[in-house]
Amino acid sequence: MASTEAKPENQPEAMEIEEDEEAKQLRLEKETTQSLKRNFSLLERAVNTIESRFTTRVLRTLPSIRRRLTSSILAQVISEYYSSDANQRTELLRTLGEDNQAMDVDSTKEKSGDLPEVDVYLRLLTLIYLLDQNQLEKGLAFADRSIEILSQLNRRTLDQIAARVYFYHARFYELSGRLAEIRPMQLSSLRTATLRRDDETQATILNLLLRNYFVHNLYDQADKLVSKSAFPENAGNNQAARYAYYLGRIKALQLAYTSAHTYLTQAIRKAPQNNVTAGFQQTVYKFFIVVQLLLGEIPERSLFRQPMLKKALVPYLHITQAVRIGDLNKFQEGLAKFDAVFKKDKTYTLILRLRHNVIKTGIRMISLSYSKISLRDICIKLHLDSEEDAEFIVSKAIRDGVIDATLDHNGGFMKSKEIVDIYSTNEPQHAFNQRITFCMNLHNDAVKAMRFPLDAHRKELANAEAARERERELAQEIAEGDLDDEGDLGGDY
């Protein structure tokens, strides 16, 4: 009896749990719907006040809405908003596969007019939903239609949302392997955005074009695009970080390692420091480490210990250790072991250039360890093919200033000179100049990123005018006081 009585007690509990899950699902759907309607009102305020900060608030809610977005929620919101526009409603609902949802909504109430901003925002949400559901073919057709609608609109309140639509449009084509097809359209859109001074769309399309060229290894075209275009200063930090990353890659391929190091450093600092951007940070740090090694510098050990980067940078740690100790064998082993990883990361050609750096590091360590050593021993230590190769490499290292030594061709040996005090050289000056340049760039970026309240200068002008008025009154009082004093003095005399 005890066991039979326990079963009916457990059954209602299970039913209650199911009811709680359903209630939770209904609550989440209700909250998501309310968030979307709240965003509609914010977009209306953005249009009425011509303030972009309301649109920014709407776009900031995209990640949270994206996690809870379903076709039923989108269909409900679309049907309620397009109550007076059957064509738009039918197109969006057919794309979502919710054609019957339109019949469940009361269409008796009419609106004065649908805003293009809300329309494009709903199209953006639909694109995101199709991308998450991996419906690439349907997403391609819908993205093309959305771009056609955007090309017919010229509204500054649409700029930020339009930039997102262009991004997802390119994303659909990239996942479909048809990225080259939209290159003419992107070039035309970039020209249009530049003429309209649409900074956000201009920056986004410029980065999309650079990515398009990089995917197809068209680095010369990417360099020409950068030289013929200007990145807008008012663009957001995310786009600025991407642009700096692409510039760093271009400069690295052109052997301009100092400029590449500067741009990659900017990309790292401008990118948001959170787990959402882990993929971007890992990619940038891979190129950053290789460029730093090509400059003759060794990355800090703490960089490879960061939890977000530790696993992704294991191959590059192996290469760094080989370069640091000048072990050519270890370098070749790492190159062979992680060959596929480097080719996938597009860093293989840059890492191949490190072979000479490994040899130079080895020669530098030999120069510091031995005051005199034969070319045969150098050939053995560096695993070179012949003594002639060792002689050529040592002579080039001496000419480049890597080591301070002399080479005796007849005797077949290298003789190191005495170590000079580093403070008598130009090294401290170069290091000090590098730090000053960094501080000045940081100050300039901070000044550019500052925001000032609207009409604050008018208060300052009013205060300045009042201060000048007080100065005039004070000067007049002083002048009158001086005259009185002179009159009194004259009377005494």
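Asp377 lies in helix H20 (residues 375–381); helices are DSSP runs of H or I with at least four residues, numbered from the N terminus. The model is predicted: local features need pLDDT of at least 70, side-chain atom pairs count only at pLDDT 80 or more, and totals for chains, interfaces and linings use all residues. Residues are numbered from 1 along each chain as its sequence is written, and side-chain values use heavy atoms, with hydrogens and water left out.

Asp377 is partly exposed, at a relative accessible area of 36%. Here buried means under 20% relative accessible area, exposed means over 50%, and partly exposed lies in between (1.4 Å probe, protein chains only). Glu387 is ten residues from Asp377 in sequence. The C-alpha atoms of the two are 8.9 Å apart.

Helix H6 spans residues 116–132. Its 17 residues reach 24 Å from first to last C-alpha, close to the expected 24 Å; the expected span is 1.5 Å times one less than the number of residues. H6 is mostly covered, with 15 of its 17 residues buried.

The largest nonpolar core holds 118 residues. Such a core is a set of buried Ala, Val, Leu, Ile, Met, Phe, Trp, Tyr and Cys residues joined through side-chain atoms within 4.5 Å. Tyr121, Leu122, Leu125, Phe331, Ile351 and Ile378 touch the most other members. H6 gives the most to this core, with eleven residues. Contacts of Leu122 (heavy atoms within 4.5 Å) include Phe40, Val77 and Tyr81, leaving aside residues up to four places away in sequence.

Most residues other than glycine have a negative phi. Asn134 sits in the loop between H6 and helix H7 (136–151). Asn134 counts as exposed because its relative accessibility is 56%. Leu255 also has a positive phi, about 70°. Leu255 is placed in the loop between helix H12 (237–253) and helix H13 (257–270). Its relative accessible area is 55%, so Leu255 is exposed.

Asp198 occupies the loop between helix H9 (183–195) and helix H10 (199–215). Asp198 is buried, with a relative accessible area of 7%. Asp198 touches Arg156, Asp159 and Ala193, residues up to four places away in sequence not being counted.

Met440 belongs to helix H22 (residues 427–449) and is partly exposed at 48% relative accessible area.

Terms used. Helix = DSSP H or I, 4+ residues; strand = E, 2+ residues; numbered from the N terminus.
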